[in-house]
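Open the structure in your viewer and keep the selection tool at hand. The tour goes from stop to stop, saying what to select and what is there.

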Amino acid sequence: MTRLFISFYTGLLLTLYGFVVLAHLINTYAIIDVDNVTDARQFSAEIQLLEELDPHISPERRQSLLNMIAEHNQITIELIGNAQIPDYVQTHLTQSNVWFDDEEFNYFKAFTEDNYYRIATDYNHPLIQIEETIENYIIIALMLCVALCCFIWFFVLHRKLALIEKTLISISEGNMAARTPVKQHLQIGQLNTCVNVMADKIEHLLTSHKRLTYSIAHEFRSPLFRMQLHLELLSINKKGVGSNHIKELEDELFSLEDMVDELLSYAQMERAELRPELKRLELHEFIQTLCDKLTFECVHTLHYINNQSLRYFVLADPSLLARALGNLITNADKYAKEHIYVLLTANSETLTIIIEDDGEGIDDNHKQEVFAPYYRIREANNQSGFGLGLAIVKEIVSLHQGAIAIQDSEHGGAKFTMALPHSN
């Protein structure tokens, strides 16, 4: 922080100094130097009055008046020869009797064509010394004011950064609930909010990974145990019929393969690694084709109802949308008694796909949790599934800028409503 303060303070002083120099250069070379013009005209008027008096006064009186002019203007006036004057100044003095510029010396011509005088600032004059002292005080005051402003600004910034640093240290030590304050006077732009968003995502990922580890350990145990049992039975029935055991082993392997596929798919979506390949789909034909395919796989009767007379299109990834609808229909088939209903409706902005069943429905206590990963409604006679089907559906709908909700169906079971935007 000290290095940051010094660099910022030095940079600010250099910027102020550069601004003053630039303003001086602009005033001197790009625009008329008003100060020099004013001083030259005032001094020229004094010399002109002195020249008009010169025929009536003695040389000693002339010198006395020159000394008085020098005293009043805090300068020294020195008679010099022509050779001591720069050529460009001589050229100017042929047109005007006074030359004032930002150089070390100024010049004027008076009384005769060969009388040239050089003007310099009298640094021993009391007023000049007072002016230099005041300027030094002003510079010191400016530096102190800049330093004070920088200190106050950095003190406030340090306090805010210290809070963020404390939060990050807490997170690094394992306290995933630590968050930076978001009050207006404690924020540094959007940094506090970004840190909190990052912490939320890290906490979510860690929680998800813990659930994933638990789910894998729990779900793999049962099929592995059953596979071990069938292998033992096969070893016992060496001469017997082992086709049933082989079939059971194949089923368990397929179950494990499905589980791994579900886990990998959700992991890709959760980490935003999956990029949908969007295509323009006519939704009625797409749903009709999918329902025709799933009719043979569902245990219960699948009904597809389309009340729309027009053709409606969506921008969607065909494989992802098919997976989302397939998961919803498979879930409905799992809990239905006899019938599954798929309905397509539309309004001016969205296309809505409704999937419902005539089962027992979902208790209100579970409706907020069914889309969470690895969450399953545990019932006495139904322990199947990996708890990722509806979580994958939610991720797919989000990838398509849609929304999904759950309600009670008028048929008695659960009603899932998926809304997708139109494709013009």
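Helices (H or I, at least four residues) and strands (E, at least two) are DSSP runs, numbered from the N terminus. Gln 401 has a positive phi of about 55 degrees although it is not a glycine. Most residues other than glycine have a negative phi. Is Gln 401 buried or exposed? With 62% relative accessibility, Gln 401 counts as exposed. Buried means under 20% relative accessible area, exposed over 50%, and partly exposed in between (1.4 Å probe, protein chains only).

Before going on, note what you are looking at. This is a predicted model, in which local features need pLDDT of at least 70 and side-chain atom pairs count only at pLDDT 80 or more, while totals for chains, interfaces and linings use all residues. Residues are numbered from 1 along each chain as its sequence is written, and side-chain values use heavy atoms, with hydrogens and water left out.

**The whole chain**

Zoom out. The chain has 11 helices and 11 strands. Of its 424 residues, 36% are buried. Take the contacts (heavy atoms within 4.5 Å) between residues at least 6 apart in sequence: 66% of them join residues at least 24 apart.

Now select Phe 111, in the loop between strand S3 (106–109) and strand S4 (116–121). Phe 111 is not a glycine, yet has a positive phi of about 75 degrees. Its relative accessibility is 18%, so Phe 111 counts as buried.

**H9 and H11**

Select helix H11 (residues 389–399) together with H9. Their axes come within 9 Å and cross at roughly 145 degrees. Axes are lines fitted to C-alpha atoms, for helices over the stretch in contact, and angles run from 0 to 180 degrees between N-to-C directions. The crossing of H9 and H11 is left-handed. A crossing is left-handed if the near helix is turned anticlockwise from the far one by less than a right angle, and right-handed if clockwise.

Which residues make this contact? From H9 come Leu 320, Leu 321, Arg 323, Ala 324, Asn 327, Leu 328 and Asn 331, and from H11 come Gly 389, Leu 390, Ile 392, Val 393, Ile 396 and Leu 399. By class, the contact of H9 with H11 has 9 nonpolar, 3 polar and 1 charged residues. Here Ala, Val, Leu, Ile, Met, Phe, Trp, Tyr, Cys and Pro count as nonpolar, Asp, Glu, Lys and Arg as charged, and the others, Gly among them, as polar.

**H8 and H9**

Angles under 35 degrees count as roughly parallel, over 145 as roughly antiparallel, 65 to 115 as roughly perpendicular and the rest as oblique. H8 passes H9 in a right-handed crossing. To see the contact, show Leu 283, Phe 286, Ile 287, Leu 290, Cys 291 and Leu 294 of H8 with Pro 318, Leu 321, Ala 322, Leu 325, Gly 326 and Ile 329 of H9. These residues divide into 11 nonpolar, 1 polar and no charged.

**The cores**

A nonpolar core is a set of buried Ala, Val, Leu, Ile, Met, Phe, Trp, Tyr and Cys residues joined through side-chain atoms within 4.5 Å. In the largest one, of 42 residues, Ile 287, Leu 321, Leu 325, Val 342, Ile 353 and Met 418 touch the most other members. H9 gives the most to this core, with 7 residues. Select Leu 321: not counting residues up to four places away in sequence, Leu 321 touches Leu 281, Leu 283, Phe 286, Ala 316, Ile 396, Met 418 and Leu 420. Another core, of 16 residues, lies apart from the largest one and has Phe 43, Leu 65, Leu 66 and Ala 110 among its members.

**H2 and H3**

Select helix H2 (residues 34–53) and helix H3 (residues 59–72), whose axes come within 11 Å and cross at roughly 165 degrees. H2 and H3 are therefore roughly antiparallel to each other. Their crossing is right-handed. Phe 43, Glu 46, Ile 47 and Leu 50 of H2 meet Arg 62, Leu 65, Leu 66 and Ile 69 of H3.

Last, select Asn 36, which also lies in H2. At 11% relative accessibility, Asn 36 counts as buried.
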